[in-house]
Amino acid sequence: MEGRCVVETVTDFGFCSASSILKVSSSSGTDVFLCIGSDEVFVFNYQDRKLKAIFLFPDYVRDLVLNEDKHTLYVACCSGVYCICLSSLPSRVQRSDASCIAPQVKVSNEHLVIREDGILALLLVNSLLLTLRLTNTSWLLTRYRIAEDSTFSRYEMLGSFKVPVISDSDHHSSDEWSEKKPVLFCVHSADAPSSSNLPSGHICLDPILFKVLFGVDVALAKSPVVLCGLPDGRLCFVAHRVPGSQLRVLYSLEQPVVFIGTQTNSSSFLVALSQQGKVVLVTLKQKGLQGGGVTAAFTELCVPGPVVCACLDKCSLYYSIGSDLLALDLVLASTGGSEAEKGGSQKRAAAPQNISLNVCRVIALAEHVKNIEGKIQLVGLSSRGQLQIIRLPAGVQDGESSSHAGRSIKDVLSAIGDVCERASVLKTSIKASNQTLTHLNQVLNISFLLKADDKMEKQIRCHATTSWSTLLQEDSLNLKYILDNGSSYILERGWTLDITLSSMCDSTEVESCSTHYSFPFQNLHPGDKLEVSLPLTTEGHWSFPCTVSCSLTFTLSSILGEEALTELSEGGLVSLPLNTLTVDWLHTLRVVSPADVKRNATPRPYDVTTMDTVRAFLKSRGSLRGDAVNKQHSTCIKVSSQLLREMLKASEGTSNVGISLLDWLICEDHGGVKSKEQGDVKTLNSSVIHARAPNGHLIKMTAKEVVQVNQTEDSAVTQEAPLAIVEVHVESSSLAAVCGMHHAVLQRLQNYLQKAPEKSSTLSMQSLRVRDALQHAQKMLQKLQQSRVSCSFGEGTSTGKMTSCLLSVYEELRENSLLII
């Protein structure tokens with residue numbers, strides 16, 4: 001070190017104070033604000049060497065902070081926080097005497113913006129003002145929103161963070177803690193937009209060290225972090241903009257914290273200084289072998305104490321112990337500490353070499369270190385009330401000592417390490433982007449397959465089987481849905497199988513029900529199948545036929561993340577429909593043997609349909625006779641034998657067409673749905689089938705081949721040979737079961753006729769008895785209209801007769817002589 005420090009006394013305030021809450025805060029200009037532990041705040045311009053103003057507050061001043069953008073000064077007193085507008089200061093100050101040394105401004109309660117007792121420290125973060133105070137049980141950090149419309153309006157409190165007080169009654173009391181001033185600092189990541197032009201009380205930190213110390217979520221949110229140095233030695237932090245953040249402890253110096261800061265050029269480490277001389281350096285350390293990542297290393301140093309105040313520039317820590325002003329090279333101290341002890345995240349280094357600047361009685365230092373014309377200047381206040389400018393000697397400011405010999409090499413190596421880490425992060429990002437594009441390509445290919453022409457058979461298709469199960473003497477019908485991936489693509493994560501069960505009931509009295517199921521899955525490889533089971537019935541609720549609508553839904557959030565969904569329509573969901581299946585009464589039958597029919601001729605007590613309930617009600621009212629309740633209902637479908645042989649691939653005289661038709665109706669796959677119980681019956685050997693319907697009633701189904709002769713006398717065209725037909729009879733005591741079976745048989749025959757090629761028929765219209773069927777339908781219509789008219793005019797037609805008439809008309813309409821050819 002060459003020469004000695006040059007100390008220039010700018011002004012002499014004339015007071016003698018060594019209060020622990022004494023503070024010097026300088027702006028980016030030349031104004032200096034001093035609070036000396038009394039009710040006064042001095043504003044001095046050390047360039048013009050003039051005292052601009054003296055503010056007189058109602059209570060003792062604890063802390064102050066300057067808002068340079070709005071030219072306002074916030075001062076914390078015992079009763080609350082006052083706001084002073086500096087831009088209007090000249091017009092508001094009235095000099096009462098021309099010989100007055102400095103204009104005095106008496107601050108009234110109209111400037112009180114926060115009414116809160118016991119505030120010890122202030123911090124300004126963007127448009128928020130943070131206060132720190134001590135309660136009986138905890139340290140309380142409170143956020144207030146600065147009012148925009150008026151400077152002196154009351155500020156809105158946004159919330160508080162707290163950390164409990166450490167109970168140490170043997171050494172420290174709550175009054176001792178309240179006398180010591182805590183330290184508030186705001187830390188920004190160097191890559192954050194807010195890291196440029198930081199105001200007083202704000203520091204910048206290396207992005208990697210910022211992420212390691214405060215977490216990945218805070219680093220991604222680019223959130224400032226508030227650091228609290230408490231008189232009990234704890235370093236606490238809280239994220240400013242992360243929801244759900246709490247005040248947590250980062251480290252404990254076990255001594256009152258005096259200073260928190262970082263380098264002004266590279267910000268590669270964080271430093272904290274305690275009152276008794278303990279220094280903690282927080283740096284990055286390689287974790288494990290090469291490529292194992294980095295972690296935070298806490299290096300403890302010990303310097304002479306007690307420390308009164310401190311400040312920091314590029315690489316040196318300047319601190320005063322009252323009797324001397326010392327300088328500590330932090331880069332050399334951290335290097336020596338890492339070489340002294342290699343292992344562990346917490347290290348205790350050897351005693352560093354401190355450089356004495358030979359300046360005594362400094363009790364306060366400005367937060368900003370001035371660098372004018374390449375010379376470092378410190379602004380300090382002595383215990384005798386003298387404001388001083390301290391110019392450092394050349395050896396300290398230029399770094400020409402032998403201790404800085406290897407610093408340039410270390411900086412180069414550090415830069416190389418930073419480039420390697422950024423390259424690794426970029427490589428990981430590119431790999432993740434490639435995986436995302438590959439996944440999106442799979443999704444697009446699958447979408448094109450499912451959007452193909454309906455005439456082509458889809459490679460991704462579905463089918464189902466029905467089965468009955470019994471649990472606790474209660475029967476339930478289940479549907480096993482099978483998704484078959486016949487494509488060459490993998491259905492990866494993000495896909496969901498959506499199934500909707502809808503009743504085809506179109507009645508105005510019974511509302512149509514619909515149930516939706518979703519089954520997320522992942523990694524369905526080519527040739528694999530996904531099987532899910534669904535309940536089709538519940539106790540007392542039978543609604544057949546029903547449709548099963550299936551679709552594959554893909555959510556883009558599994559690839560792009562939740563944040564990208566805000567820019568996408570429909571929440572980033574892509575729905576691709578599959579085929580629609582129909583479950584009818586034939587799928588729900590349970591084939592029983594003739595012996596079981598005799599033992600269980602009556603329906604089960606828990607299987608009751610709506611029609612059975614109506615009949616029970618009519619019987620109780622005497623409107624329906626007992627024989628009508630037990631009446632067997634039936635229907636008949638006539639189909640040409642020639643059509644059936646072509647459909648079933650049966651030759652003349654070699655097969656019973658009726659048995660083949662029943663086997664085709666009961667055991668085959670129709671509409672993608674097959675009954676598991678009926679599929680176990682390999683081949684039917686009888687033209688009569690007994691089965692139990694879903695409502696518990698027995699159903700008898702007969703298929704018999706007969707010969708039909710045209711009996712119409714006025715036929716214009718005569719038939720030379722009789723016509724062979726198959727009559728399918730369905731009988732049951734349940735009208736609902738007969739109607740459901742009739743609909744199911746006709747629906748399956750209709751589906752076949754729509755696919756079969758058209759052929760010309762030589763049969764005449766008379767042979768089909770279409771004219772007789774129409775005349776019979778007209779008679780039924782007249783009968784129905786007469787019943788309705790009689791009921792409307794009250795001609796004595798009872799409700800029972802009306803019901804019997806309707807049932808009679810319905811059953812006669814079912815007796816159709818039309819033939820399916």
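**Close-up 1. Buried residues of helix H13 in a predicted model.** Start your tour at H13, whose buried residues are Val-657, Gly-658, Ile-659, Leu-661, Leu-662, Asp-663, Trp-664, Leu-665, Ile-666 and Cys-667. Please keep in mind that this is a predicted model. The helix spans residues 657–667, and ten of its eleven residues are buried, so H13 is largely enclosed by the rest of the structure.

**Close-up 2. Helix H12 meets helix H15.** Here you can look at residues 641–648, which form H12, together with residues 735–755, which form H15. Their axes come within 12 Å and cross at roughly 75°. An angle between 65 and 115 degrees counts as roughly perpendicular, and H12 and H15 are therefore roughly perpendicular to each other. On the H12 side, the contact is made by Leu-643, Glu-646 and Met-647; H15 brings Leu-749, Tyr-752 and Leu-753. Sorted by class, this contact has five nonpolar residues and one charged residue, with no polar ones.

Close-up 3. Take Cys-462, which is in no disulfide: its nearest cysteine sulfur belongs to Cys-550 and lies 4.1 Å away. A disulfide calls for a pair of cysteine sulfur atoms within 2.5 Å.

**Close-up 4. Two buried cysteines, Cys-462 and Cys-546.** Cys-462 has a relative accessible area of 5%, which makes this residue buried. Cys-546 counts as buried too, at 7% relative accessibility. For both, the cut-off to keep in mind is that buried means under 20% relative accessible area.

Methods:
Residues numbered from 1 in each chain as written. Predicted model: local features only at pLDDT ≥ 70, side-chain atom pairs only at ≥ 80, totals over all residues. Heavy atoms only, no water. Axes fitted to C-alpha atoms, helices over the stretch in contact; angles between N-to-C directions. Helix = DSSP H or I, 4+ residues; strand = E, 2+ residues; numbered from the N terminus. Parallel < 35°, antiparallel > 145°, perpendicular 65-115°, else oblique. Contact = heavy atoms within 4.5 Å. Nonpolar A, V, L, I, M, F, W, Y, C, P; charged D, E, K, R; others polar. Buried < 20%, exposed > 50% of the residue type's maximum accessible area, 1.4 Å probe, protein only.
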